[in-house]
Amino acid sequence: MPNPLVTVVIPTYNCARTLKLALVSVLAQDFADFEIQVVGDGCTDDSEATVRALNDPRVSWTNLPANSGTPSAPRNEGQRRGHGTFLAYLGHDDLWFPWHLSSLVAAMGQGQDFAYSLGINYSRTTETEGPRFAFTLPAANAVKTAMLSPSNWMMTRAFAQRVGPWNTQLASAVDKEFLLRAWETGMQTGRTERLSAIKFPSWEWEPYRASAACPQAPLLQAMQDDPLALEHRLLTQLATHVAGQPYQVRPAEDSRSEFSWSMLYLRAALMTAYGRQRWPLKQLIEWLETRNARQARGLESAPQHPGPHHATGTRDPADVR
């Protein structure tokens, strides 16, 4: 494909089993104008045979002469060999929903440098309890602690060249380092409103071991059978989990130090450990929430301390306006 709109870059190392499933999820996209650059990081298994067996002209295979230890070198090589206007990335053990590329291309349509989608982190607890958190792009003052998998990214080739190559000198956190440099360029970002990627953390699943579990297989089958039902199930499980957590939102414009936020999170953890429904914490929380809500509405301040009605769990009628 001499002029595809999107180049999909897949770095891989000795994970032929999961690589095949990842490729199947790409080839099932509802958007067809793409090429796939699969780059082995010195692979010694049957990854090449797995790619060749697909017999799809959109899929190319390259194997670097030696293992570099991180996805940086394979990503750089995949970008260099590709021809697409846009670059998208997929981990060799991750999966895309069928609408992943089409939704990101739409998000890039307003002259954006970079776009991202919502992604689910599928850990070992996910199978029994549902997903624990999702990947999304943080505020500028939190980008150093970003949890946004490259499997959710898309960017223009011109922007990637402006940011520079992936860092081959780092032993870890190469994704965060690239994202930080990208953010510092003042990039224009877009996003989709869909869950479109499932991330399987390798440190939990150990896909390099032949005897390791392969949760991707049943998820891919569910995706092929009814992708909307799978999306709904995962989002419902995630929402149920988040709803049961302490409320800890960090506003983008907040300028408090990392130490201050650490103290806030510690306080929240201690409150949860003590029991938010126990006396007198329950009454104090109710009073603070009432006071803050009244002040936000421009009403008179609540009493200066929890009154007797708070001890019984009831509120003044004015408190719920």
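The chain has 13 helices and nine strands (DSSP runs numbered from the N terminus, helices being H or I with at least four residues and strands E with at least two). This is a predicted model, where local features need pLDDT of at least 70 and side-chain atom pairs count only at pLDDT 80 or more, while totals for chains, interfaces and linings use all residues. Residues are numbered from 1 along each chain as its sequence is written, and side-chain values use heavy atoms, with hydrogens and water left out.

## Exercise 1

Find what share of the chain's 321 residues is buried.

**Solution.** Start with the cut-off: buried means under 20% relative accessible area, exposed over 50%, and partly exposed in between, with a 1.4 Å probe and protein chains only. Buried residues then come to 46% of the 321. Next, look at contacts (heavy atoms within 4.5 Å): of those in the chain with a separation of 6 or more, 73% join residues 24 or more positions apart.

## Exercise 2

Describe how helix 1 and helix 2 pack, starting from their axes.

**Solution.** Step one: two packed helices are described by the angle between their axes and the distance between the axes. Step two: the axes (lines fitted to C-alpha atoms over the stretch in contact, with angles from 0 to 180 degrees between N-to-C directions) of helix 1 (residues 16–27) and helix 2 (residues 47–54) come within 9 Å and cross at roughly 25 degrees. That makes the two helices roughly parallel, the label for angles under 35 degrees. Step three: on one side of the contact are Ala 16, Leu 19, Lys 20, Leu 23 and Leu 27 of helix 1, and on the other Ser 47, Thr 50, Val 51 and Leu 54 of helix 2.

## Exercise 3

**Solution.** Leaving out residues up to four places away in sequence, Ser 47 touches Asn 14, Cys 15, Ala 16, Leu 19 and Trp 61.

## Exercise 4

Work out how many of the 10 residues in helix 3 are buried, and what covers them.

**Solution.** Eight of the 10 residues in helix 3 (residues 72–81) are buried, among them Arg 75 and Glu 77. Their cover includes strand 1 (6–12), strand 2 (34–40) and helix 7 (174–184).

How values were computed: Angles under 35 degrees count as roughly parallel, over 145 as roughly antiparallel, 65 to 115 as roughly perpendicular and the rest as oblique.
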